[in-house]
Amino acid sequence: MSRFAAVDLGASSGRVMAGDLDNGLSLTEIHRFANGPVRVHGTLHWDILGLYREILYGLRAAGPTASIGIDSWAIDYGLIDARGALIGNPVHYRDARTNGVRERVLAEITSADMYDISGLQFLPFNTVYQLLADQLEDAETMLLIPDLLSYWLTGEIGAELTNASTTGLLDVRTQSWAYPLIDRLGLPSKLFPPLRLPGNPAEFGRDLPEQTGIGGARTDAAKQTSWTGKLWAETEQPTNWTGRPTAEHTSGAEMRGAEVGQPTGWTGRLTAEQTGWTGRLRAEVAEEIGWMGKVTAVASHDTASAVVAVPATDPDFAYISCGTWSLAGVELPAPVLTDESREAGFTNEAGIDGTVRYLRNVMGLWLLQESLRTWGNPELGPLLAAAAQARPFAAIVNPDMPIFLPPGDMPARIAAECRRTGQEAPGDLPGFVRCVLESLALGHRMAIRQAIALSGHRVNVIHLVGGGSRNTLLCQLTANACGLPVVAGPTEATALGNVLVQARAAGEIGGLPEMRALVAATQDLKHYQPQGGDWAEAEARIQG
Ligand code: LFR
């Protein structure tokens, strides 16, 4: 069966999609549902049970598939108690509870030390800061959102690697939990479950990973694939195992003797623990959706899945995964951990197969989405057409100002930022939209140019994927601002990446080059050539 279900939870909606590889690669939307945060007593929450119900509904509607993959935005998590129950509703990263936490941490541990361990940019809402703002007394395990949903579906716990790399608590070199840092921060090490490597590169004899600059994670993944599978199958209760690293237990035989439910003193390379993990649906779930199936570990960070589906045919590419956020950068074989990289706000997140997603978060279409919400959601098409006719470079802001992060009146904040930098605020809605899109294109320019300079990676073309690839004005402005051709599409990169990694785990397709070639051959792509503009002046202007 070459049909796979992709569950993708995005900022405006969640979807269950069916991906078919029988005849090329196609996606069908099965069920779409709202995924807005819920504010209760001042705290912004996920409506996680409601989402789970919608996912079950979508899986029932999809009918039997070879497997299910789940992705969502990164960083957010739920806490599980000793009985396996969820403690409270997960909190949304745009909530204010992390205000000031990052600053407190960085007063204790230098940003240089933190960056050298995790390679992660210092977003104020990173999991590490959320955990430090949270009540952890009753918590036994921390599960990132896709891992939490996988746990409910299968009963098995784990932490998928690409998403775990956004916590700030993963060692970027060894790709295992950074226990010395975890201890230093006073966080309980039992919270961090075994790591799962998505997509099972070794088991099917394809793309056997090679040693790379990041701690040899690839090699270990290949070596340990079979025994981890066996261990988890033999013990049949992986849910409360909490091993910690020592060098002793690196072979399968020893591992199999480890006592489940006890800290075993084991680990070797945690990366490999659940390589190519799949989990059978619980009977109760199968009954509810009407079919028995399994969940496969995919690149559960939505951005990691989107980067899988970048339709690159030339290795010298940059990407912008453009939705609520714009994630702009390059794919590298090893992290960049220099002072310059840290100061420029670049992150080294884990991609599949040992790749590094070297990128910076640009505020993204959030600026537009929140503006539209403030205006009562007028129709977007006519507004974009009017914005295309509006005066170029009338007003431009730095899209990455922290003031733009929380929900609320976005046009008022944009207007204030224009005034702060000595510019007149836009006078009408098309003017605001033009300002947002030019500012975003400028953000893309700054991130892509810095990614190239800091990594030394050559770039001939920018692939802009995700919902933003539908916005022709933004694509053209991005080509202009970056001075590079832009290939826009696919819009559904995240869901496609989710499906492709499942297909790879099932042995139906090979590694990244093969997956990307299939996307390039089957999906609608649009090409934009740069048309100039004084972007250097705009860049100078936003400083104020
Ligand atoms: C995009 C994304 C980004 C992450 C942000 C918050 O949807 O996952 O990669 O930085 O959301 O989790």
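## The protein as a whole

How many helices and how many strands does the protein have? In this predicted model, the protein has 20 helices and 22 strands. Of its 544 residues, 54% count as buried, and among the contacts between residues at least 6 apart in sequence, 75% join residues at least 24 apart.

## A sheet of three strands

Within this fold, 3 strands form an open sheet, in which the order is E8-E7-E9 and the pairing is antiparallel. Strand E8 (86-87) and strand E9 (141-144) each have a single partner strand and therefore stand at the edges, so that one side of each is left without a neighbour in the sheet. As a general point, the strands of a sheet pair through backbone hydrogen bonds, and they do so either parallel or antiparallel.

Strand E7, which covers residues 77-80, is joined to E8 by 2 bridges, and these two strands run antiparallel. Here leucine 79 stands opposite isoleucine 87, which belongs to E8. Helix H5, made of residues 145-154, packs on the sheet and touches both E7 and E9, while its direction makes about 105 degrees with that of E9.

## An annotated domain

Which residues does UniProt give for the feature "domain: Carbohydrate kinase FGGY C-terminal"? The UniProt record, which is an unreviewed entry, places this feature at residues 318-506.

Methods:
Residues numbered from 1 in each chain as written. Predicted model: local features only at pLDDT ≥ 70, side-chain atom pairs only at ≥ 80, totals over all residues. UniProt positions renumbered as here; feature names shortened; annotations may be inferred. Pairing = 2+ DSSP bridges. Helix = DSSP H or I, 4+ residues; strand = E, 2+ residues; numbered from the N terminus. Contact = placed C-beta atoms within 7 Å. Axes fitted to C-alpha atoms, helices over the stretch in contact; angles between N-to-C directions. Buried ≥ 20, exposed ≤ 12 C-beta atoms within 10 Å, placed from the backbone.
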